Amino acid sequence: MHPTRKAVVTAAALLVMATAGCDSGAGATASDKSSAKPGCPTVLSRAEQAVKKAEEVNAPWKGPTTGPRAVHGKTVVYIAQTLTNPGVAGVAQGFQEAAKILGWHARTLNGQGTPGGIRAAFQQALALKPDGIVLSGFDPGTAAKEAKKARAAGIPLIGWHATAAPGPSKDPQLFSNITSRVEDVAKISADWIIARSHGHAGVVLFTDATVPFAKHKSDLIRKELATCSGVKLLSYTNIPIPDASRRSIGEVRSLLSRFGRTWTYSAAINDLYFQHAAPALRAAGKDGAGAPYNIGAGDGDPSAFQRVNGKQFQAATVPEPLSEQGWQIIDEFNRAFTGAPDSGYVAPVHIATPTNSGGALSWDSEGYRQAYRKIWGE
């Protein structure tokens with residue numbers, strides 16, 4: 001563990017040990033839990049064990065330690081679905097940082113969150129005649145014509161949250177897709193709700209049905225929640241991420257009007273929803289540290305950590321290692337350029353809460369920069 005993280009987390013752990021009635025597995029005090037018997041004792045037990053493991057704070061590097069030495073003089077372009085998505089923006093920063101280490105020319109283009117904007121950005125990327133292109137946060141089918149042109153030109157494509165599964169893809173054709181396993185993220189997000197609520201919760205689930213990856217994630221969350229009979233899905237609310245700033249406040253007001261105190265938990269496919277939901281919850285007189293208890297099933301950007309750490313309308317996040325994944329994209333390109341296969345690495349799932357975050361604003365494996373630089377010989 002990094003020394004600074006270790007010091008802060010140790011202090012936080014001592015504070016937790018001194019506080020009576022805490023349940024480290026579920027991340028809640030006994031007073032937060034229903035006194036009723038759990039509606040799904042077997043499921044609850046399994047969920048509590050899974051959550052306890054996911055909340056562990058030690059994160060030694062388990063990614064690649066060998067690979068091709070760095071090639072030089074490459075140009076790579078990162079096409080962002082929208083840079084208002086903090087996850088997409090966070091990966092872009094790691095991508096730029098790692099490219100600089102190798103002396104590559106890296107360009108980030110903003111798709112502005114619309115199909116037309118994404119296609120325009122892709123056309124701009126092709127005009128640059130790059131060696132590689134990243135498709136970040138959008139379905140490659142959105143720009144199928146442009147993707148076909150890239151493949152015809154021999155330009156490898158790497159996705160970030162571009163398809164549901166990590167690793168190489170034949171349809172769409174990607175050298176690799178960088179993401180945690182959506183099944184793991186969805187399951188642990190639902191398990192956190194089951195565990196923290198002791199098997200009794202009224203849940204609102206926020207998704208973006210326009211992005212297949214996001215829709216798949218929310219469908220999996222819904223499926224896992226349904227394994228506990230005491231957990232009720234009150235609403236499956238579709239708000240496209242680019243519309244979240246405009247629509248979230250009104251949607252939250254409507255949900256509060258419809259469900260009142262029966263709305264005790266929320267899950268969202270992206271932390272961004274809670275950034276925009278917070279003003280409506282605050283205006284309704286809700287306590288930032290109280291119900292509804294909200295968990296973001298990605299991406300764990302700094303603003304999400306700030307809300308979690310400050311107990312401001314978000315109780316937990318399942319963060320992607322955003323900067324680390326930006327570095328991984330560069331490493332995967334280096335493998336593609338040298339004819340090597342993809343690394344096959346998938347980051348493990350983690351839950352960050354006020355108890356275990358140690359005040360940090362991100363979550364990445366320890367030593368990933370040193371590991372990649374050693375592989376590259378830089």
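Biologist: Where does S176 lie, and why is S176 called buried?

Modeller: S176 sits in strand β8, residues 173-178; helices (H or I, at least four residues) and strands (E, at least two) are DSSP runs, numbered from the N terminus. A residue is buried under 20% relative accessible area, exposed over 50% and partly exposed in between, with a 1.4 Å probe and protein chains only. S176 has 2% relative accessibility, and therefore counts as buried. Please note that the model is predicted, so that local features need pLDDT of at least 70 and side-chain atom pairs pLDDT 80 or more, while totals for chains, interfaces and linings use all residues. Residues are numbered from 1 along each chain as its sequence is written, and side-chain values use heavy atoms, without hydrogens or water.

Biologist: Which residues are in contact with S176, leaving aside neighbours within four places in sequence?

Modeller: They are L157, I158, G159, G167, P168 and D342. Contact here means heavy atoms within 4.5 Å.

Biologist: What makes D219 and K215 a salt bridge?

Modeller: The rule asks for a side-chain nitrogen of Lys or Arg within 4 Å of a carboxyl oxygen of Asp or Glu. For D219 and K215 the N to O distance is 2.9 Å, and the pair therefore qualifies. D219 and K215 are 4 residues apart in helix α7 (residues 212-225), which means a separation of about one helical turn. An α-helix has 3.6 residues a turn, so residues three or four places apart point the same way.

Biologist: How do you know that D219 and K215 are partly exposed?

Modeller: D219 has 26% relative accessibility and K215 has 29%. Both values fall between the limits for buried and exposed, so the label is partly exposed.

Biologist: What makes R246 and D243 a salt bridge, and is R246 buried or exposed?

Modeller: Their closest N and O atoms are 3.5 Å apart, which is within the limit and therefore counts. R246, at 60%, is exposed, whereas D243, at 22%, is partly exposed.

Biologist: How many salt bridges does the rule give, and where do E251 and R247 lie?

Modeller: The count comes to 10 salt bridges. E251 and R247 form one of them, with closest N and O atoms 3.0 Å apart. Both lie in helix α8, residues 244-259, 4 residues apart. E251 is partly exposed at 24%, and R247 is partly exposed at 25%. Elsewhere, salt bridges with shared partners join R46, K187, D191 and E224 into one network.

Biologist: What is meant by a nonpolar core, and which residues touch the most other members of the largest one?

Modeller: The term denotes a set of buried Ala, Val, Leu, Ile, Met, Phe, Trp, Tyr and Cys residues joined through side-chain atoms within 4.5 Å. The largest such core has 55 residues, of which W192, I193, F206 and W263 touch the most other members. At least two residues each come from α2 (41-54), α6 (182-196), β9, α7, α8, β11, α9 and β12. Helix α6 gives the most, 9 residues. F206, neighbours within four places aside, is in contact with residues including V252, L255, W263, Y273 and F274. Another core of 31 residues lies apart, with A80, L322, W327 and Y368 among its members.

Biologist: Which residues of α9 are buried, and against what do they pack?

Modeller: In α9 (residues 272-283) the buried residues are L272, Y273, F274, H276, A277, A278, A280 and L281. They pack against α3 (86-102), β9 (201-207), α8, β11 (265-268), β12 (293-296) and α10 (302-310).
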